[in-house]
Structure formats: structure tokens, C-alpha cells
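Subject: Structure for your review

Dear colleague,

Please find below the sequence and structure that I am handing over to you. A summary of what was found follows directly after.

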Amino acid sequence: MDLEIALRGAGGEPVDLRRTLASHGVAELPPMDMAGDYRSMEITLALRRGRPRTVGIEESGPDRVRISVRGRALSGAGAEEVRDRVRHLLHLDQDLTAFYALASDDPDLSWVTGGAGRMIRMPSVFEAVIKTICTTNCSWALTTRMVTALVEHLGEPAAGAPEDGWRGRAFPGPESMAKMDEGFYREVVRSGYRGPYLRAVARSVADGALDLEHLGRAGPDDLPDQELEARLLALPGIGPYGAAHVMMLIGRSSRLILDSWTRPTYARIRRSRRPVADATILRRFRRYGPHAGLAFWCYLTRGWVDEGV
């Protein structure tokens, strides 16, 4: 079953689908399955009714996206839910016109106005937080192994999913993660010190003590960035890097992600032989205000599409 949606931002701005799919590394993690050229992707989505469905996403023409849904035809309500989920994933409800207005006068970033800068979302804030914890203090290979294990062993399968492996499975919900013991996280996920953090977050969400999805729904007027950051910092396993990372994934990009990759990458692009102080980096992007972190991220990742990284 094929569906379509318009490919435009909330302010009517253009959206470069390829750059959106290549916007950050977390989009490479299961259950997302990104094409090598970033022109299409598949993901298995948990739906409100029935089993998860695996959908393919690709551009179908000027300003249009085709959504290919595996399995039997959806009802009208089911089809609209899938459209809504894909709009959410592609962050089409975000208005980047103010960011583009600032970037248009910046020789280093004017290229983004063609439709770059839109961060692909996770289906839930819970998933964004769990995946962020899995990126802390480890190699990308270990991050991938941890997330793959979570999806493979705990993710609900779509109809027709392979018996083994992670493909065809949705990201696990907090209830399924909360019921697993420490041994699972230690021996199967191989999450190390992160295991108790993953369990604690899942349990707090599962028992209703923590509403992570509210953090994604609330706007800056209802939940200012400073308060949002404080709430994220209060979560087990989330520090300044993690808070900035989750904020960017949910569309709040005032904070810069400063870590062991972004700092040296910035210095390399600037052709600096020495590390660049965080204060210098912050000053460079201060003019972007609520979009400072987004401007920094785009500055670092321009070559991901141009160079096929």
C-alpha cells in the first residue's frame, strides 16, 4: 500500500529529504534502516492499533514523499496515522524560516537554505533518550550493538518479520524494557554501566512517574529551553552532552553538542592546529540564538552528503 505526503516545512520552506535522512548518526540505528545514498529509508513503526508496520520512505516527485506500507491495506484511520508518523519523523511541523533568514547572511551556512537543517526525529522521546544514553562514552560500534540488541530481543515484530534479527521490529516500549533484569542488560545488550540507567528510565516511564513525551510536545513558551535542559539533566545517564543531544533530536537546538567528535571536527574545518576553546565555538554561533546548536551541527556535517559520508 502506497501513501503520499507533501514535503514542505511548517513555514512553507523547502525540505531536502536526502539531507534530512543524513542529518545525524542516530538515524542509522535500528529500527531505522537507511539506504547507503540517503535517498530512502525503512522503519518499523508501532501503531496505536494492531501490530507494528514496516514502511519505506522516499521522494516521489517535487515536494512529495512516497510511503510504502508493507502488508495488508490499512484502514483510513490507519493510513492517516502512518502519514502523521512519517511527518513527525521528518520533522515537517518545524518552521525553519527564521534559521534560514540568519543563515542566508552567513557565508559558511547559506547553503542550508535549500532545505537542510531538519533533524530526523525518533518516533518517541523515550527512544531518543534511550539511544542517547547508548551513545555515551563508547565507540559507535558499541552503540550500534546495544541498540540492535534492544530492538532484536524486545521489539514487537510486524507481520511477516524475519524470525531472527532486528529487521521488521519496532523499537521496544518502556514496559518491555522495564521488565528485563540486570542480567539481560549486562549479558545480552552488553550495556555496561548504562544498564541501570536504561532500566531506571524505562521503569519511570512505564509506571507513570515520568512523562517524556510531554517534553517533545511542549513548546518553548510552555517549557523554556533552560527548564527542558534541567529536566533532561535529572534523568539517569544524561549529562550536558546527552541533554543537548536529546534537545536537538526533538527540535530544541539552542544548546551545542560539544563532545569528542564535534570539537576536533570543528578545529579541522577551521584548519586550526590546536583545539578550539568551547567559548570560541559558542561565540561563533551565538547570533543564531535558539538555533545555535543547529547552526553548529550543520557547519560540521555539510560534507556528509556532498562527500557521501
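The model is predicted, and its chain has 15 helices and five strands. The radius of gyration is 19 Å, close to the 19 Å that the globule rule gives for 309 residues, so the chain is as compact as a globular protein of that length. Along the principal axes, the C-alpha atoms fill a box of roughly 50 × 45 × 40 Å.

Among contacts with a separation of 6 or more, 64% are between residues 24 or more positions apart.

The accessible surface of the chain amounts to about 14,300 Å², and carbon and sulfur atoms contribute 48% of that area. The chain carries 42 positive and 40 negative side chains; the centres of these two sets lie 4 Å apart.

Strand S4 (residues 53-61) pairs with strand S3 (residues 40-45) in the antiparallel sense over six bridges. Within this pairing, serine 40 has glutamate 58 in S4 as its bridge partner. S4 also pairs with strand S5 (residues 64-69), again in the antiparallel sense and over six bridges. Here the bridge partner of glycine 61 is arginine 64 in S5. S4 and S5 form a hairpin with two residues between them. In the turn of that hairpin, aspartate 63 has a positive phi of about 60°.

With kind regards

Terms used
Residues are numbered from 1 along each chain as its sequence is written. This is a predicted model: local features need pLDDT of at least 70, side-chain atom pairs count only at pLDDT 80 or more; totals for chains, interfaces and linings use all residues. Side-chain values use heavy atoms; hydrogens and water are left out. Helices (H or I, at least four residues) and strands (E, at least two) are DSSP runs, numbered from the N terminus. The radius of gyration is taken over C-alpha atoms; the globule rule is 2.2 Å times the number of residues to the power 0.38. Contact means heavy atoms within 4.5 Å. Accessible areas come from the Shrake-Rupley method with a 1.4 Å probe; for residues, only the protein chains shown count as cover. Lys and Arg count as positive and Asp and Glu as negative; His and the chain ends are not counted. The place of a charge is taken as NZ of Lys, CZ of Arg, CG of Asp or CD of Glu. Two strands pair if DSSP finds at least two bridges between them.
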